[in-house]
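Subject: A structure for you to look at

Hi,

Here is the structure I promised to pass on. Have it open while you read, and my notes follow below.

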Amino acid sequence: MELLKVILVGMNKNGLRMKFKKGLNQEIVKKISESKNEPDWMLEFRLRALDVFEKLPMPSFGPDLSLMDVQNLYYFVKPIEMKKNWEDVPDVLKKTFEKIGVPQAERRFLAGTISQVESEAFYKSLQSKWKNSGVVFLDTDAALKEYPDLFKQYFSTLISSTDNKFAALNCAVWSGGSFLYVPKGIAVELPVQAYFRMETPNFGQFERTLIIVEEGAKVHYVEGCSAPVGRNSSLHCGVVEVFANKNSTVRYTTIQNWSKNVYNLVTKRALAKEGAKIEWIDGNFGSNVTMKYPGVILEGDNSKTEIISVALASSGQHQDVGANVIHKGKSTTSNIHSKTICKDFSKATFRGWTKIENGAENAKSRSKCDTIILGENIQVDSFPDVFVQENSADVGHEASISYLDELQLLYLTSRGISLQNASALLVNGFFDSFVKELPMEYAVEINRLVAMEMEDSIG
Amino acid sequence: MNLLNLKKFLIKCGEKIILQKSDLEILPGQRIALIGANGSGKTSLALALAGHPKYVIVADEFKLFGQNAQELKPSDRACLGLFVSFQNPCEIPGLSLYDFLREAHKAKTGHCIPITDFRELVNSSMELLGLDSKFLYRDLNVGFSGGEKKKLELLQLLVLQPRFAILDEIDSGLDIQSKDLIKKVIEKRSADYPDFTVLLISHDMGLCESLNLDFVYRINNGVVEGHFSWHEQKRITHEI
């Protein structure tokens, strides 16, 4: 088949293998599916989603997306084939990922890793201990081939192409992402990590992640995202579906530090069955515009969720974040805590959306939203929406917006600490409840990131 | 060289004048008490000297360690050797006592001493104060009792080794046994550094008595009055 019109074969500095023409149309969608040798049902699914994408309007709320041009993006870029050994990864990529600390982290504190640059993963690993106990940790493309039934049973059942315009886009052109399956009763003690990186300007990354955790199992999935600073806008538009079966525990940690020209529009949702526990730890530091509202459906009785969402908005950034929770089961509990720091000329929006359905007896929901503002020309909004259909519900929301405390700053500076360091210590302290939930390497990285951001905010 | 020179100064907080028409002069090695009724402006003076942006000092001359203090930020003043204990020490969630001490010590001394030396310094200071070393890993001042917070202020004094300490009601909240610690800490610091200077803000006559004060300043009707000897002061207080 000559459908595969590769416009760039050969090597550039990244050893680029495959890059489709810019633009979004049926042909591109077919080419993506073709290049992956997908089954027919997936191609049909993609084409239907493209149709939906074209019909759905842009979101009626939130940041201005009018400057984003979906026709001016590359939808599929594949620099290298999957490598078995880290040593075989081309030097340029190896250096980039080593600088971020990915392979070092793998050796020190992870049970498994997936590394993706542009559209597909180029390296994956899983400790044999977990492989032997039946844990599956693959890039999503490989999972479709190797576990077709399991894949089909769960794929897009939580987030359909009609969910929102950008979920539809992801459904049409998805590529890469991670597929994690943890069998019944298995507790994966170390976190597994996926790292997503974008290098090509004007590129769209559409990773698709599927996490299935069986009864009584436990896992911590960590996801890091970054991109180098470039002149042209890129789009990151992921979809993540998490299935937590009976009495399982899933923790999903995500830290995005996209460069400040990236539109980060992602849809993430988890389903909790009876007694399951879902924790989202969501850190937003980079991007130009982020729209991200991780959602949890507490379907089973006694299921719980804890959502900690942290954002740092600096000049020109709009962090539009929040959380959605739907309580369906009895005695379900949700806890949302959002913490945001805003610097000069930034915008931060928190959207909390909680619904307690009829029959969700004794459901309990708390949300708290704290913002510290550093500087001027800042817009901070908090929109807590609560829909209660159940009389026994116990629901609470609180929000605060403040400057850094003057007396706290004096206390620290009167001990010799510079104003800049004192501010960084206070901001780190503000983020502490989030940072201490992270694996150590990430915690160190976040502290460094905050210190760096504080450097240019206080002269 | 005077440690502190304040000539014809007043302290303003917004439009409100808290202290006025006063002079204050402190020499190295002196031990001085500042007394006055509640609300007379003692704490305002301490905070203004620390560099609180809301408490503005207007003076013909305002020198700290011989330098024009108007140009010194709070951190500069601390690095030169000033230490102001807080009457109500701030709680800082998310910052451990240990990280705070390490950061402050690094800033004050301008370099990072080896971790073992630093631990030795902190541990011996905590021992002197009878503080549990577990406190190091708790958030700074969060969830501590009033007395414990005051001991943590004394701990900072021992670790940061200032030349000039302003102790604002360091005794309030401490139980009787612990009050001896204040004297112990001051004597320890004076033994290490004979020019160690103390401005003590206190209502506790016993404490003042025990410290062999050089003299006393008193705030009366918004004016700092001095220099009384300790015995003169007692007589005046008695007469009132």
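Let's start where the two chains meet: 19 residues from chain A and 23 residues from chain B take part in the contact (two residues are in contact if their C-beta atoms, placed from the backbone, lie within 7 Å). On the chain A side, helix 9 (406-413) and helix 10 (419-435) each supply at least two of the residues that touch chain B. Helix 10 of chain A gives the largest share of that side, eight residues. Helices here are DSSP runs of H or I with at least four residues, strands are runs of E with at least two, and both are numbered from the N terminus.

Before going on, keep in mind that this is a predicted model: local features need pLDDT of at least 70, side-chain atom pairs count only at pLDDT 80 or more, and totals for chains, interfaces and linings use all residues. Residues are numbered from 1 along each chain as its sequence is written, while chains are lettered from A and ligands numbered from 1 in the order in which they are written.

Now for the sheet in chain B. Six strands make up an open, mixed sheet in the order 7-10-11-3-12-13, where two strands pair if DSSP finds at least two bridges between them. Strand 7 (82-85) and strand 13 (223-228) of chain B each have a single partner strand, so one side of each has no neighbour in the sheet. On average, neighbouring strands are turned by 15° against each other, direction ignored (axes are lines fitted to C-alpha atoms, for helices over the stretch in contact, and angles run from 0 to 180 degrees between N-to-C directions).

Take a look at strand 11 of chain B. With strand 3 (residues 31-36) of chain B, strand 11 (residues 197-201) pairs in the parallel sense over four bridges, and B:Val198 is the bridge partner of B:Arg31. Strand 10 of chain B pairs with strand 11 in the parallel sense too, over five bridges, and B:Asp168 stands opposite B:Ile201.

How many residues of strand 11 of chain B are buried? Five of its five are: B:Thr197, B:Leu199 and B:Ile201 on one side, B:Val198 and B:Leu200 on the other. Buried means 20 or more other C-beta atoms within 10 Å of a residue's own, exposed means 12 or fewer, and partly exposed is in between, with C-beta atoms placed from the backbone.

Finally, helix 6 (residues 176-192) of chain B is on the path from strand 10 to strand 11, in a right-handed β-α-β crossover (right-handed if, with the strands pointing away from the viewer, the path from the first strand over the helix to the second runs clockwise). Its buried residues are B:Ile182, B:Val185, B:Ile186 and B:Arg189. Seen down the axis of helix 6 of chain B, these fall within an arc of 90°, so they line one face of the helix; the arc is that of the directions from the helix axis to the C-beta atoms. They pack against helix 5 (146-160), strand 11 and helix 7 (205-210) of chain B. On the other side of helix 6 of chain B, exposed residues include B:Gln177 and B:Asp180.

Cheers
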